[in-house]
Amino acid sequence: MDSAGQVSRETGSPRASVDAEARVNEVRINSEEKAGRIPSPAGVAGLAGIAKQSGPILGLIALCIIAGILSPVFFTVGNLMNVVLQVAIIAVIAAGSTFVILTGGIDLSVGSVLGLSAVLLAGVLRATGSTFAGIITGLGVGAFLGLVNGLLISYGDVPPFCATLGTMAIARGLAFVYTRGMPISNFSDAFRFFGAGYLGAIPVPVIEAVVLFVICWFVLSQTATGRYIYALGSNEKAARLSGIKTDYYKTLVYVISGLLSGLAGIMFVGRINSAHPLAGQGYELDAIAAVVIGGTSLSGGSGRISGTFVGALIIGVIRNALNLVNVDPFWQGVVLGAVIIAAVLMDRRAKRQKYS
């Protein structure tokens with residue numbers, strides 16, 4: 001006779017029998033967990049966490065192997081350097097978008113902010129010839145538009161999607177008004193260094209992106225500001241009741257996003273030696289894709305800046321591989337959209353498993 005049967009006979013109650021059986025099962029499961037025959041819930045959560053954190057890197061490695069099989073040119077030094085150079089600007093924008101998405105928000109205006117920053121800094125460069133003035137203009141325009149987004153969302157109570165959608169249209173329109181649709185070209189070598197220069201064999205934009213991500217990692221993981229941003233995305237009401245100035249930090253993340261879009265505008269103009277009102281069009285999709293593919297949750301409160309960097313590299317590898325095998329450029333958007341949907345589905349599935 002087993003233990004459950006003994007307890008049932010002693011009490012004589014069906015409810016007591018069920019409770020006794022549950023206790024016996026609990027004892028058995030705990031014993032098997034201790035013996036290592038089955039993983040504990042904490043162990044499963046830990047394995048799931050490790051899998052989630054390493055997923056983007058494993059995905060990047062798998063994509064590189066596939067790309068190398070499809071095209072021997074992929075693993076050449078020149079092509080790999082071209083990939084990291086191509087994703088540097090997207091990575092900078094995506095870093096700013098990571099701050100926004102960690103709070104549960106969204107910034108659709110980053111591409112247009114890049115475009116307006118690019119044409120205005122180009123105008124200042126053309127008028128003054130001062131590299132310093134051009135850089136300050138690019139950063140200032142980006143930060144100002146980010147501040148507008150932040151104030152509308154935090155203090156105007158406008159949904160992030162609507163606020164940044166409006167700013168996206170305004171910034172792009174102002175870029176066309178300022179240039180009348182014509183590009184502004186030919187800048188000094190001193191300015192172009194920030195987008196097309198090299199330090200040794202490494203492109204300057206790649207160095208800028210790496211340094212920026214180190215700074216963002218420090219802010220998010222080692223400072224109170226980073227903890228408040230995560231808390232804001234996890235539960236805004238709880239964060240407010242805990243004394244966190246939620247409106248301030250919500251505004252701050254949009255200023256950071258705008259500022260980094262302005263920096264991306266400087267890199268963009270320096271790289272191609274031209275500023276066009278259409279500059280940065282569609283970059284908002286790439287930035288959001290890099291953040292989501294990198295493991296940051298669209299609902300906020302979860303994610304890592306290093307994952308965003310890996311996500312940007314994944315996008316670069318996908319596009320490079322499709323170009324190497326001569327896939328129609330129009331299909332590249334289809335593939336990228338499918339990757340984004342897959343990443344969001346995996347994020348939703350992980351959340352359901354976490355709270356089930």
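This is a predicted model: local features need pLDDT of at least 70, side-chain atom pairs count only at pLDDT 80 or more; totals for chains, interfaces and linings use all residues.
Reader: Which residues does Val 113 contact once its neighbours within four places in sequence are left aside?
Author: The list is Gly 142, Leu 145, Ala 171, Gly 258 and Ser 261, where contact means heavy atoms within 4.5 Å. Residues are numbered from 1 along each chain as its sequence is written, and side-chain values use heavy atoms, with hydrogens and water left out.

Reader: And why is Val 113 called buried?
Author: Its relative accessibility is 2%, and buried means under 20% relative accessible area, exposed over 50% and partly exposed in between (1.4 Å probe, protein chains only). So Val 113 counts as buried. Val 113 sits in helix 5 (residues 110–128), and helices here are DSSP runs of H or I of at least four residues, strands are runs of E of at least two, and both are numbered from the N terminus. Val 113 and Gly 138 are 25 residues apart in sequence, with 9.5 Å between their C-alpha atoms.

Reader: How do you know which class Leu 139 belongs to: buried, exposed or partly exposed?
Author: Leu 139 comes in at 24% relative accessibility, so it counts as partly exposed. Leu 139 belongs to helix 6 (residues 131–154). Setting aside neighbours within four places in sequence, Leu 139 is in contact with Leu 259, Gly 262, Leu 263 and Ile 266.

Reader: What makes Tyr 254 a buried residue?
Author: Its relative accessible area is 1%, so the label is buried. Tyr 254 is part of helix 12 (residues 246–272). Not counting residues up to four places away in sequence, Tyr 254 touches several others, including Val 100, Ile 106, Asn 149, Ile 153 and Pro 160. Tyr 254 and Ile 106 lie 148 residues apart in sequence, yet 9.1 Å apart in space, C-alpha to C-alpha.

Reader: Buried or exposed: how do Asn 273 and Asn 326 come out?
Author: Asn 273 has a relative accessible area of 16%, so it is buried. Asn 326 is at 68%, so it counts as exposed. Asn 273 lies in the loop between helix 12 and strand 4 (274–275), while Asn 326 is in the loop between helix 14 and helix 15 (329–355). Phi is near 60° for Asn 273, a positive value in a residue other than glycine, and Asn 326 also has phi near 60°.

Reader: Which residues are closest to the centre of the second largest pocket, and how many line it?
Author: That pocket holds about 290 Å³ of space. Of its 16 lining residues, Gln 86, Val 87, Ile 90, Gly 316 and Arg 319 are closest to the centre. A pocket is an open set of points on a 1 Å grid over the protein atoms alone, where a 1.4 Å probe fits, with protein on both sides within 12 Å along at least five of seven lines; lining residues have an atom within 4 Å of a point. Helix 4 (77–102), helix 13 (283–293) and helix 14 (305–324) each supply at least two residues of this lining.

Reader: How confident is the predictor, going by the mean pLDDT of the chain?
Author: The mean is 85, and 84% of the residues reach 70 or more. Over residues 1–16 the pLDDT is below 50, and this stretch has 10 contacts beyond near neighbours in sequence. Residues 31–42 are also below 50, with 8 such contacts.

Reader: How many helices and strands does the chain have?
Author: It has 15 helices and 4 strands. Of its 356 residues, 43% count as buried. Among contacts with a separation of 6 or more, 75% come from residues 24 or more positions apart.

Terms used: Grid points are joined across faces, edges and corners, and a volume is the space filled by probe spheres set on the points. pLDDT is the predictor's confidence in each residue, from 0 to 100.
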